[in-house]
Amino acid sequence: MNYHLGLDIGSSSIKAALVEVESGKSVSVVQEPKQEMGMLSIKNGWAEQDPSQWWNHVCRAIKRLKKEQNISAEAIKGIGISYQMHGLVLIDQEGNLLRKSIIWCDSRAVEIGSKAFEDIGIDKCSSQLLNSPANFTASKLKWVKDNEPDIYKRIHKFMFPGDYIAYRFSNTINTTVSGLSEGTFWDFENDSIADFLLEYYGIEKTLVPEIVETFGVQSLVDEKGASQSGILAGTPIYYRAGDQPNNALSLNIFNPGEVAATGGTSGVVYAITNSLSIKESARVNNFAHVNYKKDADKRIGKLLCVNGAGIQYRWLLNNLSVNSYEEMNTLASEITIGSDGLCIIPFGNGAERMLNNKDIGTHIVNMNLNNHAKGHLCRAALEGIAFSFVYGMEIMTSDGVKPSIIRAGNDNLFRSEIFAKTVATLINEDIEIYNTTGAIGAARAAKLHQGDFEAFGKVIIDNDYVMTVAPSKEKAPYLQAYNIWKKELKYILHKIKN
């Protein structure tokens, strides 16, 4: 039996998956380390990790997979890589790391990106970058230039986290258009590197890695990579993408109107469009999707993040007198739609980009101490998080997204019938639930260099489909509850503004 290896380089752990090459069936998924990886936060708002530790965990995960499944290196025929987006990795001419990676949740470059957005112009950034430079990788590199000039002078190339892992396998430095777009290094209007942003930041174009296709032979494992990882020298790396485009790929999301949703600690709505027209560049991120083609089929992934999602429900689990999410869901199911007027505004996990980077916190409103109990809190939390997804979808719709298919991973929030039914009813679309992971998707994508997207989709349907959540025929109570919630949110936003 032959296999493809998929790697998901997260900020909390590394996941590695094996799938059968022919059938696409998942064989095994492992996580390293078993406990969450730490982050270095020297100052408030900073977040760094050591990329060499990612590589060490990758090597351990591969060795675990081979041992547990009793397979040889010769049986692994290709590699696909998914990775935490927006991270900055810097190496010198000899390939040595120059500093720890400034990762996705580090906010030190916010002011740099905001000033660039203002100086370059909203129209130019929106039409060419499809985003504000914001706190993305280009702005982080500018921060290094301004604050660590001795390090900056020694940079040979910058990389994204997935590029670095591919480099450790192969001693080859390259990246993709999708990767460059997530760092705001890509000019969509001219289908080229965003020279105007590099010039504004004073960043040399020579620091940009060579660009390769998202699907194809990107590089080959060399002898050093083989000896460290346990993968056979000459094994091709066939695919690489950031975690959110890869999550969409894992759910067979490639075409305009198709939407992927995830509901973990934070929530994400990721919709595909073929339009470069952008109205919400400050609230919605826009990246080249994995099947973006220069001068041809420009598939754009619109990403909207809800920071205050699963973390809100987890906070209740930790602070209510309950033992499990299942118990909370049972308590919530005993309460009527709308939680008898109780509302939870769940934005307590930092600044929300879709709220124009306002940090409004969590609000529990309309609580009646005589009538409301913990079941009401559980239902109001699920509804509040669902309402925030719907609010985000309204923003996406105003930006030109016309959803036709919505697929979601079978993760924390979408396991709740209340949550999934509330979202489906208010957006009036079926939600298809699939049991898959980013590592499995990356492993399957290693076969997409052959170009058979139809067969790829069939593998996902055959192996991962769980169920479809249909909208409720009784929409009125959901809509009434949502309108009350939205009224409370608008009041809070107005109060903060004034």
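**Ground rules.** I worked from a predicted model in which local features need pLDDT of at least 70 and side-chain atom pairs count only at pLDDT 80 or more, while totals for chains, interfaces and linings use all residues. Residues are numbered from 1 along each chain as its sequence is written, and side-chain values use heavy atoms, with hydrogens and water left out.

**Entry 1, aromatic pairs.** I began with the rings of Phe, Tyr and Trp (its six-membered ring), which pair if their centres lie within 6.5 Å; planes under 30 degrees apart count as stacked, over 60 as edge-to-face and the rest as tilted. By this rule I got 23 aromatic pairs. I then looked up Phe160 and Phe185: their ring centres are 6.4 Å apart and their planes stand at 70 degrees, so I noted the pair as edge-to-face. Phe160 is in the loop between strand 8 (157-159) and helix 6 (161-170), and Phe185 is in the loop between helix 7 (177-182) and strand 10 (186-187), so this pair ties together parts that are 25 residues apart in sequence. Helices (H or I, at least four residues) and strands (E, at least two) are DSSP runs, numbered from the N terminus. Both Phe160 and Phe185 are buried; that means under 20% relative accessible area, with exposed over 50% and partly exposed in between (1.4 Å probe, protein chains only).

For Tyr313 and Tyr325 I found ring centres 5.7 Å apart and planes at 15 degrees, so they are stacked. Tyr313 belongs to helix 11 (residues 310-319) and Tyr325 to helix 12 (residues 325-333), so the pair ties together parts 12 residues apart in sequence. Tyr313 is buried at 4% relative accessible area, whereas Tyr325 is partly exposed at 26%.

Next I checked charges over rings, where NZ of Lys or CZ of Arg must be within 6 Å of the ring centre and within 35 degrees of the ring normal. The charged end of Arg108 sits over the ring of Trp143, 4.5 Å from its centre. The charged end of Lys124 sits over the Phe196 ring, 4.6 Å from its centre.

**Entry 4, strand 21.** Last, I turned to strand 21 (residues 405-409), where four of the five residues are buried. Strand 21 pairs in the parallel sense with strand 15 (residues 258-263) over four bridges; strands pair if DSSP finds at least two bridges between them. Here Glu258 stands opposite Ile405.
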